[in-house]
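I opened this notebook page to look up how charged side chains pair in one model. The entries below follow the order in which I checked them.

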Amino acid sequence: MKLIQVRTFLTICISTAFLFAAITTEATSRHPVRGINGVVASSSYIASDVGVEIMRQGGNAVDAAIATAFAMAVTWPTAGNIGGGGFLIYHGANGEATAFDFREKAPKASTKTMYLDDEGNVKANSNHDGILAVGVPGTVAGLELAHQRLGSMPWADLLQPAIDLARNGMPISWNLHDSFKRLNEWWQLYPSSAKIFLRDDGSFYQPGDTWKQADLAATLGRIQEHGKDGFYKGETANLLANFMAANDGIITLDDLAQYEAKEREPIRGNYRGYQIVSMPPPSSGGTALVQMLNILEGFNLREIGHNSALYLHLLTESMRRAYADRAKHLGDLDFNERMPIADLISKKHAAKQRSTIVMHKASESDPARFAQPYESEETTHFSVVDKSGNMVSLTYTLEHGYGSKIVVDGAGFLLNNEMGDFNAQPGVTTESGTIGTRPNQIRPEQRMLSSMTPTIVAKNNIPLFATGTPGGRTIINTTMQTILNIIDFDMNIARAISAPRIHHQWLPNRTRMESGFFSADTIALYEQRGHIIDNSDSIGSAMAVYRNPETGVLSGAADPRAADGRVAAF
Ligand code: DON
């Protein structure tokens, strides 16, 4: 088929996909959605359909993931992006596993103390708010690299659904309506963003409205035509660099032209005979995940009982230890050559840490060391499996919901505020939440430390399930609890991701717990051990796919916590 025919065909398929979706993708929170040829679980029902449609065309899991990611840059502006960054874990049915790092980088003009006033305090939250909070975006380079390595369909075909959605429009959901409205103060601050997120007359988009993004369609068109150069060079790069220059930003054409995504060796662990494949630095995710699983492997969790007080205690103590190590040691591998990753993920280190856990009493979290503030939960994760059993686990983000809230004028896409993930105050570490350790201080071109934990679990080196979630630092703990639910408690993936969960991150020394889901008896027994609870409405928004090793049947589950999330399968 000629390109133009493929495009027309895809357009028809995407429109009919909405119809299919209603029939084939409804899930309850306890039952995974099954398929034979391909499954996508994402936070955007439209994007899940796009991914499955690509597999219907003969694309593999990587093709579907790329198309889903570009579609989410249109349909899920909360976190779907081309102006941010993220990570992709791939595990082929043939046993090959690899990691793609497309994390944002600090611009060349950034400095260690760029956010500080004369007293050494962060000026007006400037590491999170405003144009200086923007890191050099990585998503387009990462998707292109994954495509070059493992894609099978023409690049242009993978962009087309996103372009169509941006150009022809998509329906505004209640959830989008709510969040566009909630952020109105920001739109009033940035006229280039108001043009996108408010109607022409300045009123709010209503549920059911068709939302068109012409500038974004044009930017995606340039990426379709020129690959990564359509973003990092030429018109898009000029629009971005000029916008920066006009608004006191520091990202230059040179920063953009020099950005490179990297393929990295994943973090690998072994938990009760299952292979864990997850993200290495600059994410802390894989390292902390494997470390916690190693500690917990020494306990008979099944016998202790799911979400019993003792179980929650052991989880908390494992979290406390891994997050302390995270704060102390982790940053961008390229700038911190001596990070003790091999030691942190070793069974020996886990055994040593396990031996310090007291069964009836919470340990101290020494506040004199390094504290870590809670983060909001606005990232997005999706998981894909294709008919051959290849899996992709992809988490990407703009950092906060809608990132910096700043749209590049004329280019139609949101910029991240990922610079906030660096330690902004070197050497300053307080219990109230500032962390100043060296590995994650700002250096030009360094990647900021992340918690994103896209993960694939395999049995006999054949992918069994892929999972991940948004949620700032809670990401690692949500992913771990999903894995325990499946391996230790035989839950199907839908139950595993919907089960109530907790989060502890060493400091602040408090346990965040999804309220209303743990019994008063359990809470009392847990608190008796000395733990302090913070109630939380919701932790994370996990998306998972699974392949039954006996039958080859595929399935997917979207977290019931996700307002617009859904599985598409065929
Ligand atoms: O990379 C990270 O770990 C964070 N920027 C992820 C952001 C997130 O989940 C939302 N919260 N801040």
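**Salt bridge entries**

I began with Arg149, which counts as partly exposed because its relative accessibility is 34%. The model is a predicted one.

I then looked up the partner of Arg149 and found Glu263: their side chains meet in a salt bridge, at 2.7 Å from N to O. The two residues come from distant parts of the chain, with Glu263 in strand 7 (residues 262–264) and Arg149 in helix 4 (residues 139–150), 114 residues apart. I checked Glu263 for accessibility and got 34%, so Glu263 also counts as partly exposed.

Next I took Arg510 and Asp534, whose side chains form a salt bridge at 2.9 Å, N to O. This pair links distant parts of the chain too: Arg510 lies in the loop between strand 14 (502–503) and strand 15 (511–514), while Asp534 belongs to strand 16 (residues 533–536), 24 residues apart. Arg510 has 33% relative accessibility, so I logged Arg510 as partly exposed.

Is Asp559 buried or exposed? I noted Asp559 as buried, because its relative accessible area is 2% and the cut-off for buried is under 20%. Arg561 is partly exposed, at 22% relative accessibility.

Asp101, Lys262, Arg264, Asp334 and Arg447 form a linked network of them.

Last, I asked how many salt bridges the structure holds. I recorded the total as 25.

Conventions:
Residues numbered from 1 in each chain as written. Predicted model: local features only at pLDDT ≥ 70, side-chain atom pairs only at ≥ 80, totals over all residues. Heavy atoms only, no water. Salt bridge = Lys/Arg side-chain N within 4 Å of Asp/Glu carboxyl O. Helix = DSSP H or I, 4+ residues; strand = E, 2+ residues; numbered from the N terminus. Buried < 20%, exposed > 50% of the residue type's maximum accessible area, 1.4 Å probe, protein only.
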